[in-house]
Amino acid sequence: MKEKALIVLAGEDIPAVYARKEKYIHAEEDGERYEEGVNARLVVQMLQMQSLFATARRLEFINPAFLLGKDESVPAAELLDALANIPAGTRVLCIVEGKLDRRRKFVKQVLELAEVYIAEFIPKWKVGEEAEMYVRRRGAKLTAGARRYLENVAEGWENVSSVFLSTECDKWLLMADGNEVTEAVIRDSLPSYMDLQVFTFWDHLLAGKRREVLAATPMLFDKAEDELKNIGYLTAQLRYCLALVEMQAAGIPEPQIRKELGVASAYRWKGIQASVRQVRPQALKALLLAIYDCRFRQRTEGGKPDWQAVWVEFLGRRGM
């Protein structure tokens with residue numbers, strides 16, 4: 001199918017948006033890039049101009065105002081006409097770094113003229129399935145243990161980019177012995193913030209192992225990038241535990257609880273149940289609130305939370 005002259009690339013998975021953009025870069029073109037918030041008037045003007053030196057021309061508009069909100073620099077009909085009649089030899093790439101409001105009438109009209117690619121983050125619950133399909137398409141196999149481990153890891157990721165996941169899968173395939181990607185391969189290849197074993201830290205925290213918890217805290221929470229992902233994992237576990245307790249108290253059947261929590265894996269389900277059995281719900285709730293309070297003050301006041309103090313307080317009340 002012939003490529004359209006207008007291409008719209010958008011989505012919250014920004015690395016995937018720009019990875020897709022590479023498909024539309026042709027070496028023979030004269031490329032012109034216009035950053036942030038360019039208005040409709042400039043777009044129309046650029047389309048009316050001809051390149052003096054190249055027969056093929058590519059215009060890139062990053063976060064154009066007319067796709068992000070109201071833009072009255074030219075009448076909407078004039079812009080639509082210009083986009084519908086892009087001169088021969090010219091291609092237009094509109095890149096939106098974030099969600100595109102496809103409910104807006106004008107946006108719908110633009111998209112009808114374009115080749116469209118929307119890149120959204122992979123849901124955490126779908127990471128195992130997506131990785132398994134990616135590996136299978138390359139003639140290899142993801143073992144059941146590897147998938148379970150990956151799904152457990154993914155609970156601590158704030159967002160999952162398709163670019164990140166495909167890059168990791170490629171690493172696993174290179175490291176695999178034969179055509180089988182095992183749990184050991186994934187453990188060895190994941191980025192450093194996962195090598196620090198936040199999962200073991202969670203187990204030690206629930207078990208009340210003070211010495212192990214305090215010893216691991218500097219490794220897991222000193223660097224900003226480690227802190228973000230590891231606190232994300234802990235809060236996710238706490239939310240699962242508290243939701244399970246509340247729904248069990250309300251008499252909701254187990255299959256419905258698992259459905260509401262989005263827990264398809266029996267391995268994950270047993271882990272959440274085991275966590276709840278170890279610590280009083282009041283202590284888990286207090287820990288979650290303490291973490292939220294630390295993060296709020298960190299955003300509003302700056303500075304670094306005293307995570308060791310948070311863990312010590314929790315360890316003191318976990319069995320009360």
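The structure is a predicted model, in which local features need pLDDT of at least 70 and side-chain atom pairs count only at pLDDT 80 or more, while totals for chains, interfaces and linings use all residues. Residues are numbered from 1 along each chain as its sequence is written, and side-chain values use heavy atoms, with hydrogens and water left out.

Helices (H or I, at least four residues) and strands (E, at least two) are DSSP runs numbered from the N terminus. Burial is judged by relative accessible area, where buried means under 20%, exposed means over 50%, and partly exposed lies in between (1.4 Å probe, protein chains only). In strand E1 (residues 6-11), 6 of the 6 residues are buried, so this strand is largely enclosed by the rest of the structure. In a regular strand the side chains alternate between the two faces of the sheet. In E1, Leu6, Val8 and Ala10 point one way, whereas Ile7, Leu9 and Gly11 point the other way, and all are buried.

Two strands are said to pair if DSSP finds at least two bridges between them. E1 pairs with strand E4 (residues 90-97) in the parallel sense over 6 bridges, and within this pairing glycine 11 stands opposite glutamate 97. E1 is also joined to strand E5 (residues 115-118) by 4 bridges, and these two strands run parallel; here alanine 10 has isoleucine 118 of E5 as its bridge partner.

A salt bridge is counted when a side-chain nitrogen of Lys or Arg is within 4 Å of a carboxyl oxygen of Asp or Glu, and the whole structure holds 12 of them.

| Salt bridge | N to O distance |
|---|---|
| Arginine 57 and glutamate 32 | 2.9 Å |
| Arginine 33 and glutamate 60 | 3.6 Å |
| Arginine 58 and glutamate 60 | 2.9 Å |

The side chains of arginine 57 and glutamate 32 meet in a salt bridge. This pair links distant parts of the chain, since arginine 57 lies in strand E3 and glutamate 32 in strand E2 (residues 30-34), 25 residues apart, and both residues are buried.

The side chains of arginine 33 and glutamate 60 also meet in a salt bridge. This pair likewise links distant parts of the chain, with arginine 33 in strand E2 and glutamate 60 in strand E3, 27 residues apart. Arginine 33 is partly exposed, with a relative accessible area of 40%, whereas glutamate 60 is buried at 4% relative accessibility. Arginine 58, which forms a salt bridge with glutamate 60, is buried with a relative accessible area of 9%. Salt bridges that share partners join Lys21, Arg33, Arg58 and Glu60 into one network.

**Nonpolar cores**

A nonpolar core is a set of buried Ala, Val, Leu, Ile, Met, Phe, Trp, Tyr and Cys residues joined through side-chain atoms within 4.5 Å. The largest such core has 61 residues, and those with the most contacts inside it are Trp172, Ile186, Phe201, Leu234 and Trp311. Helix H13 (residues 224-249) supplies the largest share of this core, 11 residues. A second, separate core of 29 residues includes Leu47, Leu67, Val74 and Leu80.

Contact means heavy atoms within 4.5 Å. Leaving aside neighbours within four places in sequence, isoleucine 186 is in contact with Leu142, Ala146, Tyr149, Leu150, Trp172 and Val181.

**Cysteines**

A disulfide is a pair of cysteine sulfur atoms within 2.5 Å, and a search of the whole structure finds 0 of them. The sulfur of cysteine 241 has its closest cysteine sulfur in cysteine 294, at 19 Å, which is too far for a bond. Cysteine 241 is buried at 1% relative accessibility, and cysteine 294 is buried with a relative accessible area of 6%.

**Two single residues**

Asparagine 63 lies in the loop between strand E3 (57-62) and helix H3 (65-68), and its phi is near 50°, a positive value in a residue other than glycine. Most residues other than glycine have a negative phi. Asparagine 63 counts as buried, at 7% relative accessibility.

Glutamine 298 lies in helix H16 (residues 281-301). Not counting residues up to four places away in sequence, glutamine 298 touches Glu227, Gly303 and Pro305.
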